[in-house]
Amino acid sequence: QVDLREFGGGLVQPGASLRLECVATGRPFSTYTMAWFRQGPGKEREFAAGISWTGDNTLYGDSVKGRFTISRGEAKNTVHLQMNSLRAEDTAVYYCAANICSCTSGTYISTRESKYDYWGKGTQVTVSS
């Protein structure tokens, strides 16, 4: 079994930064494509950021592009989401997700929820004055 746990959520003011961390246990982390999804109040879950299993490629949703950065930690079982210039619209539960990837290119990332096999329980990020 693969377990994903998110850390780092909290309440911040608009314009502030926050850094989320996802820790994976079980199957070697480096074999997974990792992503962050988020779901705001009354909204559908949306893709925020993803990173290929090799770290050679990253992908961002339009709503966070230029403000968020996803990275794989030096420890291979971690992934981070650096969130800058936070807005009220970023308020959401942020979920870490992982999919087992059989691809060999090292660049594959999916934005589709159905492609992800494992999910964390989420961490709340609230941006409010």
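Visitor: Which residue does Cys-22 pair with in a disulfide?

Guide: This is a predicted model, so keep that in mind. A search of the whole structure turns up one disulfide. Its sulfurs sit 2.0 Å apart, within the 2.5 Å cut-off, and the partner of Cys-22 is Cys-96.

Visitor: And is that disulfide left-handed or right-handed?

Guide: Look at the torsion about the S-S bond of Cys-22 and Cys-96, which is about -80°. That makes the disulfide left-handed.

Visitor: How many residues apart in sequence are the parts it ties together?

Guide: Cys-22 belongs to strand E3, while Cys-96 belongs to strand E9, residues 92–100. So the bond links parts of the chain whose separation in sequence, in residues, is 74.

Visitor: Are Cys-22 and Cys-96 buried or exposed?

Guide: Buried means under 20% relative accessible area. Cys-22 comes out at 0%, and Cys-96 is at 0% too. So both cysteines count as buried.

Visitor: What about Ala-24, buried or exposed?

Guide: Ala-24 is also found in strand E3. Its relative accessibility is 6%, so Ala-24 counts as buried.

Visitor: Where does Arg-27 lie, and is it buried, partly exposed or exposed?

Guide: Arg-27 is in the loop between strand E3 (18–25) and strand E4 (32–39). Its relative accessible area is 42%, and the range between 20% and 50% is the middle class. So Arg-27 is partly exposed.

Visitor: Which residues does Arg-27 touch, leaving out those up to four places away in sequence?

Guide: Contact here means heavy atoms within 4.5 Å. With those sequence neighbours left out, Arg-27 touches Gln-1, Val-2, Tyr-32 and Ile-100.

Technical notes
Residues numbered from 1 in each chain as written. Predicted model: local features only at pLDDT ≥ 70, side-chain atom pairs only at ≥ 80, totals over all residues. Heavy atoms only, no water. Helix = DSSP H or I, 4+ residues; strand = E, 2+ residues; numbered from the N terminus. Buried < 20%, exposed > 50% of the residue type's maximum accessible area, 1.4 Å probe, protein only.
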